[in-house]
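Subject: Structure handover

Hello,

Here is the structure I said I would pass on. My notes on it follow below.

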Amino acid sequence: MELLKEEVEEKKKLITTLRNKPWRMKRRLQQLKEAQAFVEKFEGALGKGKGRKLYAYKVMMAKKLIKFKRDFENFKTACIPWERKIKEVESHFGSSVASYFIFLRWMYGLNLVLFGLMFGLVVMPEVLMGLPYGSIPRKTIPRPLQETAMDLSVLLDFGGFMKYSVLFYGYYNDERTIGVLQFRLPLSYLLVGVGIFGYSLMVVIRMMARNANEGGDGTDEGDFNFSWKMFTSWDYLIGNPETADNKFASITTSFKESIVDEQENQKDENIHLRRFLRVLANFFILCTLGGSGYLIYFVVKRSQEFAEINQDNLSWFEKNEVEFVMSLLGLVCPPLFETIAELEEYHPRIALKWQLGRIFALFLGNLYTFLFALFDEVNAKLENEKSIKNATITAYNEYYSNYSSFYNTTDVPPLDIQPADAIRGPCWETAVGIEFVKLTVSDIQVTYLTILIGDFLRAFLVRFLNYCWCWDLEAGFPSYGEFDISGNVLGLIFNQGMIWMGAFYAPGLVGLNVLRLLSSMYYQCWAVMSCNVPHERVFKASRSNNFYMALLLLVLFLSLLPVVYTIMTLSPSFDCGPFSGREKMYEIVMETIEKDLPAFIGNIFTYATNPGLILPAVLLMVLALYYLNALSKGYQQANLDLKKKMQITRDEEKNRRNNKDSTNQVMKDLDDLLPNRSLIPPPEEEEPPPPVVQKGSKSPKLKPGSAANGRGVKLQKEVSLAAANPRGVVNRPPGPRGGPPGNVRGPQPGPGRGRGRGGPPPMQ
């Protein structure tokens with residue numbers, strides 16, 4: 001019975017590990033059927049008496065558990081959003097195009113969590129427990145604007161009712177606690193605004209670590225290059241014949257490129273001309289970047305001048321000039337960079353990296369130029385706000401003094417002013433939030449119109465005008481469009497950067513971005529499947545997308561700087577937002593510690609913010625980073641050494657199988673120190689006396705590496721330390737041999753039978 005149980009377990013183990021066996025498919029199927037039949041036959045009959053039913057029950061439950069786990073994994077896969085749609089795109093266009101939609105889905109999940117934090121901890125408490133709309137001035141539309149507050153043109157510019165809503169910073173009240181739950185809204189607003197960056201940083205770094213663990217093929221770049229291309233280049237997820245043909249041509253081209261690369265490296269070229277053209281191309285690109293930055297700064301300054309003019313006298317273009325110019329630069333500059341890059345004549349892989357870096361610099365420069373110009377406007381509004389605040393305080397003081405002197409009393413009632421008639425400041429936080437929302441909306445509009453005109457209309461004309469045109473529109477100009485992976489990914493990254501920066505000034509911006517990503521998934525999937533064709537060179541997507549994650553991490557860090565500058569440096573508006581009435585926004589934290597927490601916690605925070613503790617902590621972190629960096633370099637070097645040892649071991653094993661000399665230089669040097677292996681004495685075995693060579697006869701010919709008895713010498717096992725073979729010409733018959741030097745254990749040479757014991761052969 002025990003043997004039967006062991007055999008059943010062995011069959012089960014064979015079933016689970018069958019796919020790892022180096023067998024043919026026919027043998028695998030045969031072994032699988034035999035193992036399954038054996039398990040089905042004997043598994044339920046292993047128990048006896050009372051134990052038999054219990055064992056059968058355990059076997060049945062184990063099978064049901066395995067089936068449940070398999071079904072649950074299938075259910076989890078089916079619950080992944082848009083999995084079937086992405087697989088369909090992947091089957092037609094390859095995994096490179098599908099990687100963009102996977103990244104888009106990941107960004108949607110990240111923004112969904114950020115929306116939950118902002119909506120659940122900031123927006124909903126204000127809506128449910130805060131003061132109602134129209135109760136205070138910050139929640140009321142000014143009376144001169146009430147007539148046009150619901151006009152479509154005003155709403156599209158996010159003015160009127162949209163401006164005085166939960167979408168923007170200025171709507172939220174500054175009371176320390178609100179509602180029955182005594183919810184601390186200002187503290188929650190600040191912590192959520194900073195926590196968004198903390199959570200995003202944690203998620204991005206975690207994804208980069210996961211990609212780093214999954215990425216890589218375990219070999220250095222260039223090792224077994226043709227083998228990797230031969231056996232790993234095919235994308236098995238392709239299900240479209242046209243894509244498969246393109247992939248086949250791509251693999252063939254990659255082999256040709258690998259051969260041509262070495263030939264190009266040895267070409268004689270005019271290096272001075274090449275350097276001049278590259279310097280000239282970079283000069284043109286720097287001029288383009290500088291011009292785009294100046295243009296954005298100029299139009300932002302013009303928008304500040306337009307803000308002081310009556311909006312009814314401005315055209316639609318003048319109202320939306322900043323957003324239009326930024327979107328236009330994002331469309332025009334990347335193709336211009338690609339045209340200028342033709343002068344450099346870089347390898348396509350290097351040219352792609354330069355192109356991505358230049359587009360990244362363009363977007364980043366435009367964004368920060370926009371921010372610098374915007375903060376100039378913020379400083380101007382802060383000065384205006386101070387004058388309005390001083391005038392308001394002066395008016396209230398005059399009212400109190402006049403009332404007390406006229407009625408001769410100190411019990412002065414508050415001034416009865418309707419919220420719609422109260423004096424308002426410019427509320428610069430809301431103005432900044434409106435600019436970010438308008439920039440996001442204009443980016444959505446330009447992206448969707450580009451897809452509609454550049455892809456759909458182009459494909460429509462090529463499809464229906466190809467029959468009556470002068471040339472082949474599909475093969476020539478304009479042809480069908482290809483999906484721009486790098487441009488779309490970079491656009492997605494910088495849109496997320498605007499969301500991170502603008503969410504502090506406009507809490508509703510995160511919800512708007514969730515809707516944008518949701519619609520982009522369906523809209524772009526439809527555009528790809530109906531308007532685009534597979535790339536001429538279909539590349540298999542890398543498992544490690546850390547390049548895009550690194551760009552996202554850099555954008556996250558650069559998005560954090562303006563928000564930190566706002567919290568720590570700028571003064572909040574005096575009549576709007578949750579931090580009004582305070583000198584700096586971060587003072588809400590100190591206020592909460594002093595009033596709501598025990599005294600010893602305040603002392604802990606006081607000691608923790610002491611520079612005497614911060615500087616040693618920073619120094620300790622720097623030392624820890626240096627230690628970890630050195631440790632990582634040591635591990636990398638050890639890894640390289642192990643790879644070299646494995647390579648040497650593989651070479652030696654291959655040489656032993658092929659019975660060849662060692663290719664290892666160290667082993668060759670050791671072999672040179674050893675004597676010739678042809679004089680290895682055989683094991684103690686008696687030999688007949690050497691043959692007598694008669695006069696005029698030839699000496700017997702022996703093959704190299706063989707003994708006199710005709711048996712071959714095993715070079716790998718039989719090693720002798722005897723003297724080397726004589727290199728001179730043999731001009732006499734072989735004589736008697738002496739024993740090896742130092743052979744004191746064996747019999748000494750002498751008369752008698754045996755090898756080397758007879759006398760010299762007779763001479764004739």
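Two residues are in contact when heavy atoms of one lie within 4.5 Å of heavy atoms of the other. In that sense, and leaving aside residues up to four places away in sequence, Phe115 touches Gly120, Val510, Gly511 and Val514. Please keep in mind that the model is predicted.

Some more on Phe115. The residue sits in helix α5, which runs over residues 95–129. Phe115 and Ile196 are 81 residues apart in sequence, while their C-alpha atoms are 9.4 Å apart in space.

The other element I looked at is helix α12, residues 321–340. With 20 residues at 1.5 Å a residue, α12 should span 28 Å, and the distance between its end C-alpha atoms is 28 Å, so the two agree. The buried residues of α12 are Glu321, Val322, Glu323, Val325, Met326, Ser327, Leu329, Cys333, Pro334, Phe337 and Ile340.

For the chain as a whole:

- The secondary structure consists of 21 helices and 0 strands.
- Of the 764 residues, 33% are buried.
- The accessible surface is about 49,100 Å², and carbon and sulfur atoms account for 62% of that surface.
- Taking contacts between residues at least 6 apart in sequence, 74% join residues at least 24 apart.

Regards

Definitions and conventions: Residues are numbered from 1 along each chain as its sequence is written. This is a predicted model: local features need pLDDT of at least 70, side-chain atom pairs count only at pLDDT 80 or more; totals for chains, interfaces and linings use all residues. Side-chain values use heavy atoms; hydrogens and water are left out. Helices (H or I, at least four residues) and strands (E, at least two) are DSSP runs, numbered from the N terminus. The expected span of a helix is 1.5 Å times one less than its number of residues. Buried means under 20% relative accessible area, exposed over 50%, partly exposed in between (1.4 Å probe, protein chains only). Accessible areas come from the Shrake-Rupley method with a 1.4 Å probe; for residues, only the protein chains shown count as cover.
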